[in-house]
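Hi,

Here is the model I promised to pass on. Have a look at it first, and then read my notes below.

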Amino acid sequence: MGVTRKPMRESAEADWRGGCDAGRGIGAVGRRFFWLLFLGLCFARGPAEARAQETETAAAPGSVIAELAKEAAKVQPFLQGKWTKQWAEQAGKLEPVRPRRIMSGQREVLVDESFFYAGRYGSPLTYGRVLDLAEKHGFSPSAGARVFDFGYGSIGHLRMLAQSGLQVTGVDVDELLPVMYEKCSGPCGSGSVLLLNGRFPAEEELVQKAGTGYDLFLSKNTLKRGYIHPAREPASPRHVIRLGVSDEKYLQQVFDMLKPGGLFCIYNFCPAKAADDKPYITWADGESPFSKEQFEAAGFEVLEFDVVDDQPARELGHLLGWDAEGGMQLQTDLFAWYSIARKRPSVP
Ligand SMILES: C[S@@+](CC[C@H](N)C(=O)[O-])C[C@H]1O[C@@H](n2cnc3c(N)ncnc32)[C@H](O)[C@@H]1O
C-alpha cells in the first residue's frame, strides 16, 4: 500500500491512542475514523494542535483513489439504492492529488491525496449510509439536483456527488478547509462543488451564498444532540458546536433552503456513551438535537426520528475495515442514529 504516514497528533486528548498508525493507506482510514469517533471533534481542538502532523511519505497521486475504489467495491453489496451504488463508484474516479505543503496559521501542513480525501474524517464512503437512506425515502436525483452538506469536513464525498451530476454546496467553519481546498469550488465532472467557509447559519453572507432550491440537506456527524445540547458539562468548550442561532431559526433555515419535497437527513456514527460517573462525551450522544415537535413546528413531515442504526453502521464499519488490526470492537464501540424529515410537497 503506497500511503505511508505517521499518525496525526491531533491534541493532548490523542496521547492515549498509542500506536495507532492512522496513515498506512486507505485501509487505515478506518482506524483513523475509529479514533476520531473516540476523540471527537478534530475541528474543535486548537488549530495548531489539530493540524500538527509528521510525515514519513506522502501518498502517491492515485494510490489513495485506488484504495477507495476497492472500498467502494466492498460496500456495493451493502448499499441498496441504485443511485447510491452509482455514487459509490465515483470514488475510483476522483481526481489524483499531488502532495503539497500549505500554511494553516503558523503551521505547515502536508496535504497529500490521503489527507485531501480521507485525512480528517475517514473514507468518503461513510456517506454511503446516509445517501442510501435518503434514496430509500425518495431522493433519486436527476442531473442538476442540489445537495447541501452542513459541516462537510472533507471534499471526497462532495466531489463524488458532483461527478454524479449534482450541484453540491458544502459549508464548514474549519479554517483549514479553504486553504486546503483553495480553488476547489467550480465545475466538477458533470456537476459542481461550492465550498463555503464560516459558521452556518449564523453568518448571513453564507446563507445568501448557499441560496435555496435544495433537494437534500445533509448533516453527518455534525448535528448531534451532544454537540448542540450537551446533557452534561462538556470536558471542553471545544467539544460543542455553536450554530449561532436558536433551534427554531436553524430548522426554519433548512426548511427555507429545501425545495418542496426536499429531504433533511441527519446521520450520526458514535462511540459508546460515557457512564454517568465518567467525563461526558458530547460526540457519543448521536440522537437528533431537535425534537420531533420542533421539526413539525418548522413545517416538516417527520419520516424517521432517532432511528437506531447500529447494525447497518457496524456492517459498513466492518466492510471499511474499522475492526481490523486491533481497531474497533464493533458491537460495543459503534452506534448510530438517524432522522429524516421532508418539506411537504406543494399542493397543486
Ligand atoms: C465531526 S465533523 C463531521 C465532518 C463530516 N460531516 C463527516 O461526517 O465526515 C463536524 C464538522 O462540522 C463543522 N462545523 C461545526 N459547526 C459548524 C457550523 N456552525 N457551521 C459550519 N460547519 C460547522 C466542523 O468544522 C466539522 O468539520
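Before anything else, a word on "buried": a residue is buried if 20 or more other C-beta atoms lie within 10 Å of its own, exposed if 12 or fewer, and partly exposed in between, with C-beta atoms placed from the backbone. Helices and strands are DSSP runs (H or I, at least four residues, for helices; E, at least two, for strands), numbered from the N terminus.

Two housekeeping points. Residue numbers start from 1 along each chain as its sequence is written. This is a predicted model, so to speak: local features need pLDDT of at least 70, side-chain atom pairs count only at pLDDT 80 or more, and totals for chains, interfaces and linings use all residues.

As for pLDDT, that is the predictor's confidence in each residue, from 0 to 100. The protein averages 87, and 83% of the residues score at least 70. Residues 1–26 are below 50, and this stretch has 64 contacts in the model beyond near neighbours in sequence. (Two residues are in contact if their C-beta atoms, placed from the backbone, lie within 7 Å.) Residues 42–55 also stay under 50. Where pLDDT is low, the predicted coordinates should not be read in detail.

Now the overall picture. There are 14 helices and 10 strands, and 53% of the 348 residues count as buried. Among contacts with a separation of 6 or more, 75% are between residues 24 or more positions apart.

Back to burial, then. Helix H13 (residues 310–319) has Ala313, Arg314, Leu316, Gly317 and Leu319 buried. Their cover includes helix H3 (63–75), H6, E8, helix H14 (330–333) and strand E10 (335–343). After H13 comes Gly321, with a positive phi near 80°.

Helix H7 (residues 156–163) is largely enclosed by the rest of the structure, because eight of its eight residues are buried. Arg159 and His157 are among them. Gly165 follows H7, and its phi is positive, near 100°.

Which helix packs against H4 (residues 82–89)? That is H6 (residues 127–136), at an angle of about 150° and with the axes 8 Å apart. So H4 is roughly antiparallel to H6. (Axes are lines fitted to C-alpha atoms, for helices over the stretch in contact, and angles run from 0 to 180 degrees between N-to-C directions; under 35 degrees counts as roughly parallel, over 145 as roughly antiparallel, 65 to 115 as roughly perpendicular and the rest as oblique.) On the H4 side the contact involves Trp83, Thr84, Trp87 and Ala88, and on the H6 side Gly128, Leu131, Asp132 and Glu135.

Most residues other than glycine have a negative phi, and most peptide bonds are trans. Phe200 and Pro201 are joined by a cis peptide bond, with omega about 0°; Pro201 sits in the loop between strand E6 (191–197) and helix H9 (204–210). Asn221 is not a glycine, yet its phi is positive, about 60°. Asn221 is in the loop between strand E7 (214–220) and helix H10 (225–228), and is buried, with 25 other C-beta atoms within 10 Å. Asp306 also has a positive phi, of about 45°. Asp306 belongs to strand E9 (residues 300–308) and counts as partly exposed, with 17 C-beta neighbours inside 10 Å.

Cheers
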